[in-house]
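Take a look at the structure below.

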Amino acid sequence: MKKLIIFFVGLLLCSPLFSQNSETKENDFSLGAQVRSRAEYRNGAQSPHADGADVAGFVNDRARLSMEYKRSNLSLGLAAQHVGVWGQDPQVVGNGSERFMLNEAWASLNSGTGFFLKFGRQSLVYDDERILGALDWNVSGRYHDALKLGYENPMNKLHLILAFNQTAEKTTGTFYPVVLQGAGQPYKTMQTLWYQHIGSKMFNASFLVMNIGTDAGHIASATDGPEKSEIKYLQTLGTNLSYQPDGLSLYGTFYYQSGKTASLTDKKVSAFMWAINASYAFTPTWKVLLASDYLSGNDGKDADKYKAFNPLYGTHHKFYGTMDYFYASAFINSNTNPGLWDNQIGLSFKASPKVTLALNYHYFSTTTDVYAGDDKLKRALGSEWDLQVNWNVMKDVAFTGGYSTMFGNDTMKAVKGGDPSKYQDWAWISLNINPKILITKW
């Protein structure tokens, strides 16, 4: 990490010399920095607090340094970051104690005729980020080690994404035990094909087909060795449609999943989701939102099929309420994932060119039956209120904050645990400073 910082500083010092001594300006270099801190109060975030449980409080932090270099038909990106919680590191750091990571390291080759190749550690952000997203809310973000091949013109975009993951430079076998050990990327292989057609400024449509391969281990792995594993494949295919005439925004999504579960139970997957989102700005300052998201669930009754939809590697904090009860955190029993139906209504107010306030209400239900012993419970889970303020303090400086509360019931207790009858709330404030500190050409 120290060598990387020295490299960045060297570029910062030398780039003015390049600018002064070169007549042609073929090269484009930018250097950016981010310091983002977020303080949180948690009294029921992600799952209901039990009666008598203490509230939680902390400040997390991201410090990121990123660079991008461009010239004709070539671009490179590098970004390094330190993430953690205030007080997590000692004042005096010993050898090997630093928690730095290289969160981006990619190169892109462009033909000049629309074809390109991009490879390395990169974020994959597509459509509304429901299946593939950057997950910027998380202090670390989400990144993939992948190869991307593509073609783009003003009306069409076609991307093929390929990945093959390993834990080390092995001499035998390719076993990737992420399901058994929880380490590394959440899949062994991935092939994704994405196409978008931009019909006009108001309408575009996209289509995605993804195949995920996961090592599920082997029943006899304790005696026969972990190399004798089974790879289970999950297919996801779907479409996104967007229509945005003046003042109105309509967005529709549908996905279907097939294949097998990433476990030794070898269940066939048959799951789906759909979502409809509509917003309308009826004045320059007021906007109303209506949305409905439906994700199929699994009640555990069918021994041969698994029917719960998995939104995979999206930005889940963007959907299903900001308290992250669903898909950003686990159900009590993932084998009987009851699915989710989230109906939402929201209102936003632009108080000034720099300040926006938003209030959203979610009503949650399961999409399969839930039981407490032999008693069948109602499908309704409860409701959540989310209040958020966004303030652009100045250029490259943003302040955001929010307050949320969840009102759950017995069904919520059955699928998430805790004590929903106890008042559940969550509050946060964040300061994000993210300037471009150098932009130069030579």
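## Spaces inside

The largest cavity is lined by Thr322, Asp386, Leu387, Gln388, Gly402, Tyr403, Ser404, Trp426 and Trp428. The elements that give two or more residues to this lining are β19 (380–394), β20 (397–408) and β21 (424–433). Strands here are DSSP runs of E with at least two residues, and helices are runs of H or I with at least four, numbered from the N terminus.

This is a predicted model: local features need pLDDT of at least 70, side-chain atom pairs count only at pLDDT 80 or more, and totals for chains, interfaces and linings use all residues. Residues are numbered from 1 along each chain as its sequence is written, and side-chain values use heavy atoms, with hydrogens and water left out.

How is empty space found? Rolling a probe the size of a water molecule over the atoms shows where empty space is left. On a 1 Å grid over the protein atoms alone, a cavity is a set of points where a 1.4 Å probe fits but cannot get out. A pocket is an open set with protein on both sides within 12 Å along at least five of seven lines. Lining residues have an atom within 4 Å of a point. Grid points are joined across faces, edges and corners, and a volume is the space filled by probe spheres set on the points.

The count comes to 1 cavity of 30 Å³ or more. The volume of the largest cavity is about 30 Å³. Its lining divides into 4 nonpolar, 4 polar and 1 charged. Here Ala, Val, Leu, Ile, Met, Phe, Trp, Tyr, Cys and Pro count as nonpolar, Asp, Glu, Lys and Arg as charged, and the others, Gly among them, as polar.

The largest pocket holds about 1,400 Å³ of space. It is lined by 48 residues, and the closest to its centre are Leu289, Lys318, Gln344, Asn360 and Gln388. By class, this lining has 18 nonpolar, 19 polar and 11 charged residues.

## Charged pairs

How many salt bridges are there? The count comes to 11. A salt bridge is a side-chain nitrogen of Lys or Arg within 4 Å of a carboxyl oxygen of Asp or Glu. The table gives some of them.

| Pair | N to O distance |
|---|---|
| Lys70 and Glu68 | 3.8 Å |
| Arg130 and Asp128 | 3.6 Å |
| Lys376 and Asp369 | 3.4 Å |

Burial is judged by relative accessible area: buried is under 20%, exposed over 50%, and partly exposed in between (1.4 Å probe, protein chains only). Arg130 is buried at 4%, and Asp128 is buried at 10%. Lys70 is partly exposed at 41%, and so is Glu68 at 26%. Lys376 is exposed at 53%. Elsewhere, Arg36, Arg62 and Asp136 are linked in a network of salt bridges.

## Two residues

Asp324 lies in the loop between β14 (305–306) and β15 (340–350). Asp324 is buried yet has no salt bridge. The nearest side chain of opposite charge, Arg42, is 6.4 Å away. Lys and Arg count as positive and Asp and Glu as negative; His and the chain ends are not counted. Not counting residues up to four places away in sequence, Asp324 touches Gln46, Trp137, His317 and Ser329. Contact means heavy atoms within 4.5 Å.

Tyr280 lies in strand β12 (residues 268–281). Tyr280 is partly exposed, at 39% relative accessibility.
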